[in-house]
Amino acid sequence: MEGATNKRTRRDVRYADFVGKPARSRRWILFSVIAAGLVAASGAVAAFMLLGSPFPGERPKAPPALSAVGAPVKGEAYQWKRVAIGGGGMISGLSISPGAETFVARADVYGAFIWDAQANRWAQLVTEAAMPAIFRAQNGIADGVYEIVVAPSRPNRIYMAVKGRVFRSDDRGRSFVLAGASNPFPFRWDANSEYRLHGPFMAVDPADPDLVLLGTPANGLWRSQDAGATWARVASVPTSKDRKDAPDIQAPGTMLWYEQPAGGKPTGRIFALASGSGMYVSRDRGLTFTPLASGAQPMTLQRGGFDRRGSFFGVDDATRSIWSFKDGRWRDLTSELGLAARDYAAIAANPRADQIFIFDRGGAGYTSVDGGERWMTVSHSASVGAGDPPWLRVADQPFFTTADIRFDPVRANRLWVASGVGVFHADVEPGSTGVEWVSQTRGIEELVANDVIHPPGGAPLFAGWDFGIHVKPDLAAYSTTFAPGERSLMSVQQLDWTPAKPGVIVTNASDARMGCCSEDGNAVMAGVSTNGGADWRKFAALPTPPGTKDDDPWRMSFGTIAVSSSDAANIVWAPAFNRQPYYTMDSGRSWKPVILEGATGDTPGSFAAFYYQRKTLAADKSAPATFYLYHSGEAPNGALVGLWRTRDGGASWIRVFAGEIAPSSNMAAKLRSVPGHAGHLFFTSAFEHVSDTGLRRSSDGGATWRLVPDVTRVDDIAFGKAAPGASYPAIYISGQVGGEYGIWRSVNNGSAWHRLAEFPVGTLDQVTVIGADPDIFGRVYLGYKGSGWIWGEPAPCKPAAYAALADTHCAAVR
């Protein structure tokens with residue numbers, strides 16, 4: 001769904017997976033909780049502080065400006081770079097050429113990466129410099145990559161399946177063409193589905209770079225023998241069968257392997273696993289397939305591969321089994337050899353030795369040195385590699401999320417893994433039962449951005465799914481930790497600051513693994529920082545909304561939150577799942593319900609899905625005790641639709657505007673208050689699939705609204721330091737002005753706009769949030785659906801078109 005970030009599908013996990021005793025010595029990253037009181041029946045929770053903070057007791061400051069001008073000037077240029085967080089998202093698959101010249105990795109929420117050996121980092125492949133012109137548009141390819149594969153006999157050639165189509169590069173990813181632009185594309189797949197860690201879904205003939213096979217979940221197996229120019233359906237392989245009785249696609253695509261002993265020569269046969277139907281084999285270069293064998297066999301697999309002896313090994317996620325195929329017969333090794341039934345995820349065989357590794361989804365597993373007849377338990381640890389983001393030490397824990405593993409074809413005994421926070425490697429001698437993963441993730445930015453704020457006088461803060469809040473006094477240096485506590489996983493949906501007390505910030509941080517891992521008492525870490533994010537304290541109590549129970553750790557979680565401009569202890573929080581909003585006058589020690597006249601039932605709120613990129617509660621940054629809450633009229637409270645206002649901190653509310661401010665505003669809408677101008681508001685539905693996408697503004701506290709001329713399809717709005725001589729803050733938007741997309745700035749209250757860039761650093765991802773610096777003119781921050789954050793500001797750089805694989809972009813303002 002455009003305009004709202006889809007939730008990140010996760011496997012079922014247990015608390016013990018994250019905190020159980022590891023198999024070998026390791027550092028612990030789950031910090032202890034400092035008790036500040038007993039848990040009471042009212043829902044009180046212990047306070048905590050961020051241990052190991054890089055800013056102990058001090059309020060972090062913003063980095064200096066790149067330009068000393070501090071004003072819009074003729075010939076102005078903007079420098080754009082990615083905010084250096086590092087990693088953070090699921091790398092779902094790997095492909096390496098036989099000579100290791102080309103190494104690529106696919107990501108589940110945006111794009112794919114190639115290792116740039118000269119720059120010593122990963123580089124994003126899906127950019128406006130590389131992709132065909134038709135996709136150089138707002139949200140042009142805001143998707144993860146379904147599959148990516150290097151042609152074995154032509155390492156400069158890459159095939160990439162994304163957004164329902166197949167693209168081909170012949171220059172190692174610097175440019176892609178749309179292979180097969182006509183029928184049968186586009187196909188249906190979801191690179192972020194429950195089956196995103198399966199594969200491979202594409203295979204290229206080891207000797208013929210023009211012969212490529214594509215396995216899809218809904219459209220079956222397809223074959224091209226002319227480098228993707230034309231495609232034919234391979235009817236002899238059935239389409240995947242749904243594994244669940246649920247809407248949409250509920251199965252992985254057809255998985256493909258050319259039969260080739262590890263380190264050996266291909267046999268010419270091709271294996272194709274159709275989920276629900278079993279394995280098929282082709283002996284005529286993929287024109288036709290027949291069942292591989294009869295009798296007991298896996299009906300589905302997650303991953304598979306061949307060892308040096310030519311045996312095929314596969315991991316079956318449905319039956320939690322390990323299978324092997326040799327001499328025309330399948331063997332269930334799990335039952336036959338007494339191995340543990342696990343959620344097995346990945347398998348790799350050493351091309352130089354009789355060595356096989358199999359891991360489950362949490363990184364535990366087995367190794368064999370005799371062709372799979374005997375197995376030894378494998379332990380694991382993880383550390384941060386040279387030049388990598390220091391905070392990736394959080395990977396060193398019992399549950400090490402594992403997607404795909406590959407042996408390096410050139411460097412002996414080096415094993416690569418696609419993991420939940422990036423790419424790691426380990427050097428494993430034959431017979432080794434300990435795998436010491438070392439990160440090699442620099443250049444990958446794959447956090448899902450939820451928010452960014454920059455309080456006056458402080459440093460900017462960036463909030464996302466899974467790995468919390470990153471406080472950035474240096475935008476170009478990788479984060480050393482994350483807040484509100486360096487827990488294994490913690491999502492932060494929103495932040496807010498107040499002019500009433502510099503340094504006070506509030507958050508509604510909540511763990512997105514609902515149903516798992518609440519035993520430490522920190523499933524919800526919503527709370528307050530009083531020193532700009534250096535350390536944090538949880539709210540002393542959480543209310544129990546109607547329809548929930550006191551013992552539900554997520555009863556008050558996610559949603560949208562704001563703090564009063566006149567009283568740092570006055571906070572309003574509208575949680576997700578349309579639950580009852582609440583307000584507090586004492587920094588969360590006690591809460592009272594927000595009462596909207598006419599509300600009925602247990603769900604009077606207006607924040608349906610916890611993963612929505614929705615910011616519809618705002619404190620007036622200039623009017624005391626004033627908050628605005630936009631209600632979309634979700635059932636059974638359709639009568640509440642409109643804008644509600646309180647002027648007493650949340651005790652009483654009146655509806656100042658009845659009806660939708662803009663159409664389709666029930667998902668990703670943004671309501672923004674202008675600092676320094678009481679009653680001035682901006683509103684966008686941030687939804688493109690509707691005829692009216694105009695930006696609205698109000699100057700009377702939301703009582704009336706007017707369209708901003710020629711401004712449409714706005715993702716978000718932010719306000720930064722005013723230009724010299726201007727009385728109104730600089731306004732920034734991601735959207736269209738006069739039908740032209742870009743990142744735009746107005747220094748005269750919206751009367752005129754200047755485009756700062758079209759696609760900063762070449763990204764074709766979707767903007768989910770914008771922030772701006774209140775102290776440095778021109779600095780703006782952009783958060784994206786699946787690729788972290790980018791920042792731009794005036795700089796003495798030379799404007800030029802963005803170059804593929806580059807990490808910096810200088811754009812001319814026009």
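With the bonded cysteines of the protein chain numbered in sequence order, the pairing runs 1-2, 3-4. The model is a predicted one, in which local features need pLDDT of at least 70, side-chain atom pairs count only at pLDDT 80 or more, and totals for chains, interfaces and linings use all residues. Residues are numbered from 1 along each chain as its sequence is written, and side-chain values use heavy atoms, with hydrogens and water left out.

A search of the whole structure returns two disulfides, a disulfide being a pair of cysteine sulfur atoms within 2.5 Å. The table lists both pairs.

| Disulfide | S to S distance |
|---|---|
| Cys516 to Cys517 | 1.9 Å |
| Cys797 to Cys810 | 2.1 Å |

Cys516 is buried at 7% relative accessibility, and Cys517 is buried at 3%.

In the other pair, Cys797 is partly exposed at 22% relative accessibility, whereas Cys810 is buried, with a relative accessible area of 10%. The torsion about the S-S bond of Cys797 and Cys810 is about 80°, so this disulfide is right-handed. Cys797 sits in the loop between β54 (789-794) and β55 (808-812), and Cys810 sits in strand β55, so the bond ties together parts 13 residues apart in sequence. Strands here are DSSP runs (E, at least two residues), numbered from the N terminus.

The largest nonpolar core has 45 residues, and Trp80 and Met160 have the most contacts inside it. A second, separate core holds 35 residues, including Ile85, Leu392, Phe407 and Phe462. A nonpolar core is a set of buried Ala, Val, Leu, Ile, Met, Phe, Trp, Tyr and Cys residues joined through side-chain atoms within 4.5 Å. In soluble globular proteins, nonpolar side chains tend to be buried together.

Between β14 and strand β15 (residues 270-274), the antiparallel pairing extends over four bridges. Trp257 has Phe271 as its bridge partner in β15.

Definitions and conventions
Buried < 20%, exposed > 50% of the residue type's maximum accessible area, 1.4 Å probe, protein only. Pairing = 2+ DSSP bridges.
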